[in-house]
Amino acid sequence: MLKKLCLTIACTLTLAACDTNRVVWAPDTKRAAIIGSDGLRITDEKGSLTAPVLDNVVKVAWWPDSKKCLVLRSIPAKNWTEIEPILSPHEAKDVRESSEKLFAEINNFKGTQDELNKKLEADDTIENNLKAEAVAYLDYTHKKELAEKIPDWNNLPKAQSYIQVLEKYNAAQDKLIEPVLIIKTMHEIENIAVSPAGDKISFVEKTNADALYVAAADGSSGHVVSHDCNKYPCWSRDGKSIYFIEADSPGKGFRSAAITSANVNAREPDKSRNTEVAVNFDPSDVIQINTNGDIIFSNRKVDFPSINAPMNLELFVKRKGKSELEMLTNGDLQKLDIQTFSISPNGSKIALTSKSGATHILTVEDKKIQTVLSQDKAAGVKFTPNWRGENQLCVAVKSKRPGARNDDAELGLLNLTDKSIKVLSSDWPISCTNDFLVEKSKN
């Protein structure tokens with residue numbers, strides 16, 4: 001059954017295939033980073049697209065001056081010799097010891113192949129977050145013996161380990177140059193951001209939980225702000241503080257938590273934390289701070305004391321200077337079958353995307369929702385709408401190219417004032433849009 005083991009391990013891959021934020025506009029709105037199917041490209045507001053400038057890119061964040069960017073790449077590791085130096089000594093030791101233990105069990109097993117399969121199905125020798133690395137170790141160290149014991153070993157699709165490389169680049173004339181290494185790790189990095197002041201960066205690294213790191217702009221002086229927080233924290237508008245949802249206790253399932261802010265310039269970071277409001281913990285919740293200092297966030301509404309009842313996702317706001325919370329939605333996300341949402345640059349509007357691809361705008365001030373892109377013009381959920389300024393959204397619209405399928409998309413700029421749409425990707429190569437705007441299986 002090593003086939004099942006290898007395929008099960010594949011679910012731990014760190015390639016961000018489900019990350020839908022593939023269009024990232026620079027703060028000056030003159031250009032956007034496009035994480036296409038064939039690598040990172042740059043486009044302007046007219047849709048003029050560069051050739052790929054970098055491979056294996058999964059996340060991008062711009063500096064406030066629009067001249068530099070933070071780039072996360074997910075690079076396939078060739079074998080164990082590339083993986084081992086990147087793991088911590090403790091992790092490398094764990095992989096070696098648990099893999100050797102599993103190999104010994106396989107090598108010494110005297111039953112049939114089916115009996116071995118059943119034994120391996122229930123085996124928990126290797127920790128989940130290191131299984132892909134364990135396969136690489138076994139294949140590098142015991143390939144010959146495993147091929148003799150398990151005839152299909154050499155033909156099995158092996159779980160791929162990915163090296164996460166976070167770098168700072170100068171973005172000059174649509175080229176990325178002068179890379180500065182921030183961190184290289186085998187752990188998934190789930191969020192990257194640059195402080196609005198431009199002097200700090202942050203990222204969330206997944207180990208046993210999600211840990212929030214803050215470092216100087218060149219990657220130095222890095223430290224952990226939270227060991228167990230949400231995946232999508234947010235910087236304050238002045239860049240002096242970072243906001244995140246932190247669980248009150250370790251574990252899984254329902255947990256209480258609090259939105260916490262930390263002064264990143266304090267000499268004693270542990271004493272610089274402020275509790276803003278009590279909430280429930282979900283690692284996928286998003287926080288945004290608007291220009292007024294209000295905290296906008298997603299959270300699950302819980303009816304006490306029945307915490308095991310179904311919990312619906314809602315959007316909330318804590319107005320600056322007020323202690324109580326306001327619900328921005330009241331079942332609206334469920335009614336509209338919302339799949340994704342994103343908050344405008346100054347925090348006054350929230351784009352909501354239905355499963356059909358229809359896009360709606362929630363105005364934070366009056367809590368009203370209006371549809372700005374109807375289902376008949378949308379092409380399904382291709383990626384989260386990306387804001388280009390306060391009144392323009394980058395969305396996926398139905399393609400009008402000859403031979404286009406019903407759910408094939410083009411990248412368009414939607415003007416929220418007059419609802420006009422300007423298509424950017426009409427002449428983009430299929431190598432860029434394959435499996436990004438157009439389903440790969442249909443090409």
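**Reading the labels of a predicted chain**

The chain holds seven helices and 27 strands. The model is predicted.

Me: What makes C69 count as buried?
Reply: Buried means under 20% relative accessible area. C69 has 2% relative accessibility, so C69 counts as buried.

Me: Why is C432 called buried?
Reply: The cut-off is again under 20%. C432 stands at 0% relative accessibility and therefore counts as buried. Over the chain, buried residues make up 50% of the 443 residues.

Me: How many disulfides are there, and what rule gives that count?
Reply: A disulfide needs a pair of cysteine sulfur atoms within 2.5 Å. By this rule the count is zero.

Me: Why is T29 called partly exposed?
Reply: Partly exposed lies between the buried limit of 20% and the exposed limit of 50%. T29 has 24% relative accessibility, so T29 counts as partly exposed. T29 sits in the loop between β1 and β2.

Me: What makes the phi of T29 worth a remark?
Reply: Most residues other than glycine have a negative phi. T29 is not a glycine, yet its phi is positive, about 65°.

Me: Why is N56 called partly exposed, and where does N56 lie?
Reply: At 37% relative accessibility, N56 falls between 20% and 50% and so counts as partly exposed. N56 belongs to the loop between β3 (39–44) and β4 (57–62). N56 also has a positive phi, about 60°, although it is not a glycine.

Me: How do you know that β6 and β7 pair?
Reply: Two strands pair if DSSP finds at least two bridges between them. Strand β6 (residues 162–172) and strand β7 (residues 175–185) have eight bridges, in the antiparallel sense, so they pair. K168 has V180 in β7 as its bridge partner. The hairpin of β6 and β7 has two residues between the strands, and Q173 takes a positive phi near 50° there.

Me: Which residues touch the most other members of the largest nonpolar core?
Reply: V23, W25, I34, F383, L411 and L437 do, in a core of 17 residues. The elements giving two or more residues to this core are β1 (23–25), β2 (31–36), β25 and β26 (409–415). The largest share, three residues, comes from β26.

Me: How do you know what V23 is in contact with?
Reply: Contact means heavy atoms within 4.5 Å. Leaving aside neighbours within four places in sequence, V23 is in contact with residues including A32, I34, F383, C394, L411 and F436.

Me: Where is pLDDT under 50?
Reply: pLDDT stays under 50 over residues 7–19. The chain averages 86, and 89% of the residues score at least 70.

Definitions and conventions. Residues are numbered from 1 along each chain as its sequence is written. This is a predicted model: local features need pLDDT of at least 70, side-chain atom pairs count only at pLDDT 80 or more; totals for chains, interfaces and linings use all residues. Side-chain values use heavy atoms; hydrogens and water are left out. Helices (H or I, at least four residues) and strands (E, at least two) are DSSP runs, numbered from the N terminus. Buried means under 20% relative accessible area, exposed over 50%, partly exposed in between (1.4 Å probe, protein chains only). pLDDT is the predictor's confidence in each residue, from 0 to 100. A nonpolar core is a set of buried Ala, Val, Leu, Ile, Met, Phe, Trp, Tyr and Cys residues joined through side-chain atoms within 4.5 Å.
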